[in-house]
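Here is a short report for a reader who is new to this structure. Please keep the sequence and the 3D view at hand while reading.

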Amino acid sequence: MTADSDKPLANPRRPTIVPWRIGMLWDWAHATQPMIDCADAVALALEQAQAAGQIDRPVEWVVRKVYGGPNAATLDVLEAFRDLVYDQKVLAVIGPQLPDDMAACAADFDKAGVPVLSMGGTLSLSSPYLFQLPNGSYVDEIRMIVNHAKAAGHKSIAVIRDLSMMGEEYLATFNLAMREAGLRIAGTYGINSLPSMNELRDAVRAMEATRADALMSISVSIHRHLVAAMEDVGWNPAKLMVCNFVAAIPDFDGPDAFEGWVGVDQFDESNPVFARMVDDFEARYGRRGGHTYMAIGYDIGRTLARGLSMMAPSTPDGLRAGLEKVRLLPAAAGGPGTLISFAKNQRRGYNGNYLLRRTVRDGVNMVVGGLLDCALP
């Protein structure tokens, strides 16, 4: 036997194998290490799938990097998306991720008929071509943290939240979750997604005046500035967050500013799929890492590989049908036992304990609970 025995046999009637062409559209934070890790984790999953014989060829990546809403230009994202789906002959696009950008591109999801795999957390959009492996879900995160507050004995919560599509969707769910939990909304205060220090101090003073037991932060702004404003004002309530807690990872804000806060994240060191992925990532790229965006990127890549393996014909619509057959795929994100499943009428992939409550205690970012252990009776 020689090494050539493992090579595909030549076939003059079908002589060429063409790589699968996939778009990547990064609409935020793409110059940061966590997003670089995310893209590399996607690629790692596809490389592993080819090495294992799950797919028969490599992937050719067509990458577009722009900054979208709410801070930059959503129309730039729309232009990049249309370039990928109409001009670049891609089978699928990973992204966009931000709710403003997803909404702007939504009409073209159906028009182009190209599968979109997104980590966007909004549930306000629906398309047969949109497959979500969400970085949180606004409707679940809020209920998870409100229920945590109830279990901790808090009676009232004040909210500082962004004046944005994301902030509006979170706030609507917050109102419902507080009613379900029997807690009092002490007050709400909207801030710009790029606030000034004076704006943050005004928000903190206003919410301190409500005498709330706890403060919930729902903002994409740099978290340490809010912490500094709270120190300036001298207010120290119980401190809660949603998935903005992900900024506690290194190379975003880091853990120091999150000391004592409880928020939502999606990585759990005890998840064996996550632990194995971190080892494989280090072996491939020479850096350790280990965070939510690495986990979600790896899940997106593995889901895409499964879909490609079941694609027939090799068209975007064939890939859509292949992705609908992905079932019971163990996830790197979330707690142990989290699974990824799609179906003809199921477009949110994560199932089970896919959200974790984490906190920073004495500088250490740690799990304090999951989605399933704080549900209301």
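This is a predicted model: local features need pLDDT of at least 70, side-chain atom pairs count only at pLDDT 80 or more; totals for chains, interfaces and linings use all residues.

## A parallel pair and its crossover

Start with strand β1, residues 20-26, and strand β2, residues 59-65. The two strands pair in the parallel sense, over seven bridges. Within this pairing, Ile 22 stands opposite Trp 61 of β2. Between the strands, the chain passes through helix α1, residues 33-51. This β-α-β crossover is right-handed.

## Antiparallel strands

Strand β14 (residues 356-361) and strand β15 (residues 364-370) run antiparallel and pair over six bridges. Thr 359 faces Met 366 in β15. The two strands form a hairpin, with two residues between them. In that turn, Asp 362 has a positive phi of about 55 degrees.

There is also an open sheet of three strands. Its order is β11-β12-β13, and the pairing is antiparallel. The edge strands are β11 (329-330) and β13 (350-351), each pairing on one side only. Strand β12, residues 339-340, is joined to β13 by two bridges. Ile 340 has Tyr 350 in β13 as its bridge partner.

## Salt bridges

Side chains of opposite charge can pair when their charged atoms come close. How many salt bridges does the structure hold? The count is 19.

One of them joins Arg 82 and Asp 108, with the closest N and O atoms 3.2 Å apart. Arg 82 sits in helix α2 (residues 74-87) and Asp 108 in helix α3 (residues 99-112), so the pair ties together parts that are 26 residues apart in sequence. Are the two partners buried or exposed? Arg 82 is partly exposed, at 37% relative accessible area. Asp 108 is buried, at 4%.

Asp 232 and Arg 201 meet in another salt bridge, at 3.0 Å from N to O. This pair also links distant parts of the chain. Asp 232 belongs to helix α7 (residues 223-233) and Arg 201 to helix α6 (residues 197-208), 31 residues apart. Arg 201 is partly exposed, with a relative accessible area of 22%.

A salt bridge within one helix joins Arg 320 and Asp 317. Their closest N and O atoms are 2.9 Å apart. Both residues lie in helix α10 (residues 316-323), three residues apart, so about one helical turn separates them. Arg 320 is buried at 14% relative accessible area, while Asp 317 is partly exposed at 35%. Salt bridges with shared partners join Asp 317, Arg 320, Glu 324 and Arg 347 into one network.

## Cysteines without disulfides

How many disulfides does a search of the whole structure find? It finds zero. Cys 38 is buried, at 0% relative accessibility.

Cys 105 gives a second case. Its closest cysteine sulfur is that of Cys 38, 17 Å from its own and too far for a bond. Cys 105 is buried too, with a relative accessible area of 0%.

## The largest pocket

The largest pocket holds about 1,000 Å³ of space. Its lining counts 47 residues. Nearest the centre lie Trp 28, Leu 98, Ser 219, Val 220 and Ser 221.

Which helices contribute at least two residues each to this lining? They include α3, α4 (138-151), α5 (165-181), α6 and α7.

## Backbone details

Most residues other than glycine have a negative phi, and most peptide bonds are trans. Some places here depart from that pattern. A cis peptide bond joins Gly 69 and Pro 70, with omega about 5 degrees. Pro 70 is in the loop between β2 and α2. Another cis bond joins Ala 312 and Pro 313, with omega about -5 degrees. Pro 313 is in the loop between α9 (292-309) and α10.

Asp 251 has a positive phi, near 75 degrees. Asp 251 lies in the loop between β9 (238-241) and β10 (262-265), and is exposed at 55% relative accessible area. Leu 328 also has a positive phi, about 55 degrees. Leu 328 is in the loop between α10 and β11, and counts as exposed at 57%.

Methods:
Residues are numbered from 1 along each chain as its sequence is written. Side-chain values use heavy atoms; hydrogens and water are left out. Two strands pair if DSSP finds at least two bridges between them. Helices (H or I, at least four residues) and strands (E, at least two) are DSSP runs, numbered from the N terminus. A crossover is right-handed if, with the strands pointing away from the viewer, the path from the first strand over the helix to the second runs clockwise. A salt bridge is a side-chain nitrogen of Lys or Arg within 4 Å of a carboxyl oxygen of Asp or Glu. Buried means under 20% relative accessible area, exposed over 50%, partly exposed in between (1.4 Å probe, protein chains only). A disulfide is a pair of cysteine sulfur atoms within 2.5 Å. On a 1 Å grid over the protein atoms alone, a cavity is a set of points where a 1.4 Å probe fits but cannot get out, and a pocket is an open set with protein on both sides within 12 Å along at least five of seven lines; lining residues have an atom within 4 Å of a point. Grid points are joined across faces, edges and corners, and a volume is the space filled by probe spheres set on the points.
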